[in-house]
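Student: I have a structure to go through and I am new to it. Could you walk me through it step by step?

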Amino acid sequence: MPLTNQTQEPKTISFCRFRKKHIELSKIYWQHVIGSQSVLKALKTAKDTDLAVHALGIPTNQKEWGLSVIETRNATNEYLDRVRLHLLAICCASLESFLNDICVSHLLSLGYKEAPGQLSVTGN
């Protein structure tokens with residue numbers, strides 16, 4: 001059954017789930033952006049050759065993050081590109097799931113069903 005909003009078109013449960021996942025991915029992305037910018041801001045006055053974790057005052061050893069301040073600064077864009085790629089893959093999977101849900105629902109509504117919620121051979 002479509003969920004309605006006074007100012008918008010009716011939305012299906014499948015769409016609401018997809019939108020909720022998309023909003024969650026957006027929040028994750030912006031949290032990474034804010035974190036990266038905070039690190040860059042904190043390293044702004046640090047010496048380029050110092051270890052980034054020492055300059056930031058983080059209790060992490062060199063084996064866990066052994067990059068210098070300059071290497072950390074230079075790695076930020078690549079890091080955010082990788083985050084974007086991972087989130088895009090998750091978003092594509094979510095979109096695929098949404099499209100599958102609405103296609104199956106549409107086929108079921110056309111009568112291509114063998115049992116409740118189960119597509120017939122023709123529907124498959």
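Tutor: We can go from the overall layout to single residues, taking your questions as they come.

Student: Before that, what sort of model is it, and how are the residues numbered?

Tutor: This is a predicted model, in which local features need pLDDT of at least 70 and side-chain atom pairs count only at pLDDT 80 or more, while totals for chains, interfaces and linings use all residues. Residues are numbered from 1 along each chain as its sequence is written, and side-chain values use heavy atoms, with hydrogens and water left out.

Student: OK, how many helices and strands does the protein chain have?

Tutor: The protein chain has 3 helices and 4 strands, where helices (H or I, at least four residues) and strands (E, at least two) are DSSP runs numbered from the N terminus.

Student: How much of it is buried?

Tutor: Of the 124 residues, 20% count as buried, with buried meaning under 20% relative accessible area, exposed over 50%, and partly exposed in between (1.4 Å probe, protein chains only). The protein chain exposes about 9,600 Å², and carbon and sulfur atoms supply 58% of that area; accessible areas come from the Shrake-Rupley method with a 1.4 Å probe, and for residues only the protein chains shown count as cover.

Student: Switching to rings, how many aromatic pairs are there?

Tutor: The count comes to 3 aromatic pairs, under a rule in which rings of Phe, Tyr and Trp (its six-membered ring) pair if their centres lie within 6.5 Å, and planes under 30 degrees apart count as stacked, over 60 as edge-to-face and the rest as tilted. One of them is the stacked pair of F18 and F98, at 5.3 Å centre to centre with 25° between the planes. This pair links distant parts of the chain, since F18 is in helix α1 (residues 13–42) and F98 is in helix α3 (residues 69–109), 80 residues apart. Both F18 and F98 are buried.

Student: What about Y29 and W30, and why is that pair edge-to-face?

Tutor: The ring centres of Y29 and W30 lie 4.9 Å apart and their planes stand at 70°, so the pair is edge-to-face. Y29 counts as buried at 19% relative accessibility, whereas W30 counts as partly exposed at 48%.

Student: Which residues form an aromatic cluster?

Tutor: F15, F18 and F98 form one aromatic cluster.

Student: Going back to F18, what does S94 touch?

Tutor: Leaving aside neighbours within four places in sequence, S94 is in contact with F18 and K21, contact meaning heavy atoms within 4.5 Å. S94 lies in helix α3 and is buried, with a relative accessible area of 10%.

Student: And where is L40, and what does it touch?

Tutor: L40 is in helix α1 and counts as partly exposed at 31% relative accessibility. Setting aside neighbours within four places in sequence, L40 is in contact with R73 and T76. The C-alpha atoms of L40 and R73 are separated by 6.3 Å, although the two are 33 residues apart along the chain.

Student: Last one: is G57 buried or exposed?

Tutor: G57 is exposed, with a relative accessible area of 60%, and is found in the loop between α2 and α3. The C-alpha atoms of G57 and L99, 42 residues apart along the chain, are separated by 47 Å.
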